[in-house]
Amino acid sequence: MHTRPTVRQTLALVAPLLMALTAALFSPPASAQISEEQARQVRSLLADSHWVAEGPENPERVAYMFTDMECPYCARQWQAMRPFINDADNVTQVRHVIVGILKPQSHAKGAAVLAADDPLAALEKGQKEFDAGGLAPLRNIPKDISRALGENRILMQRLGIRGTPATIFTDTRGQLQFAPGLMGESLLATHLFQMEADAGVSR
């Protein structure tokens, strides 16, 4: 798990940005553009949040996905990403920013991921076994883990994100993009993992 002491940073400039990016995948490129400084601030805030990474250790690209362990659509997106994450040519790392907002057990199940000795294994178990109940909720939640979940929730809210999954990534033009909700296989291939774009590049 990547963690930090606090997310008490100024969000005045970035709070409204994702509102402008919401329709980015379905709009002309110019309508989704924000300044480089604004994009840098969003990326910095995401990098300093509390996340669990899957994919290559030294990626060429990084995407962030707000994930609630009680979210069925998060589990579906996790399953849909398996062929891309496990592809030998994948160069995209997905960082799951864990939040606990949807159901009474969300916070405790998110805590079970962040507090685990192997957070990635806990995330995988919860998503793979989602239909059977998923990950067991953590009963005694350490204060630092509860605080981490709270900080992720605050970041999500201040960025204007209202549901999960919510994915933020960099497109083939280097522009920051935001995809609310479940991404289908075509969007995952073309935009998030950019497999089609990479296929034309000599490795």
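This note goes through the sheet of the model and the helices around it.

1. The model is predicted: local features need pLDDT of at least 70, side-chain atom pairs count only at pLDDT 80 or more, and totals for chains, interfaces and linings use all residues. Residues are numbered from 1 along each chain as its sequence is written, and side-chain values use heavy atoms, with hydrogens and water left out.

2. Five strands form an open sheet with mixed pairing, in the order S1-S3-S2-S4-S5. Strands are DSSP runs of E with at least two residues, helices are runs of H or I with at least four, and both are numbered from the N terminus. Two strands pair if DSSP finds at least two bridges between them. Strand S1 (51-54) and strand S5 (176-180) are the edge strands, each pairing on one side only.

3. Strand S2 (residues 61-68) runs parallel to strand S3 (residues 92-99), and eight bridges join them. Val62 has Gln93 of S3 as its bridge partner, and Met65 has His96 of S3. With strand S4 (residues 166-170), S2 pairs in the antiparallel sense over three bridges; here Tyr64 is partnered by Ile168 of S4.

4. S2 is largely enclosed by the rest of the structure, because seven of its eight residues are buried (under 20% relative accessible area, 1.4 Å probe, protein chains only).

5. Helix H6 (residues 143-158) lies across S2 and S3, at about 105° to S3. Such angles run from 0 to 180 degrees between N-to-C directions, with axes fitted to C-alpha atoms, for helices over the stretch in contact (heavy atoms within 4.5 Å).

How values were computed: Buried < 20%, exposed > 50% of the residue type's maximum accessible area, 1.4 Å probe, protein only.
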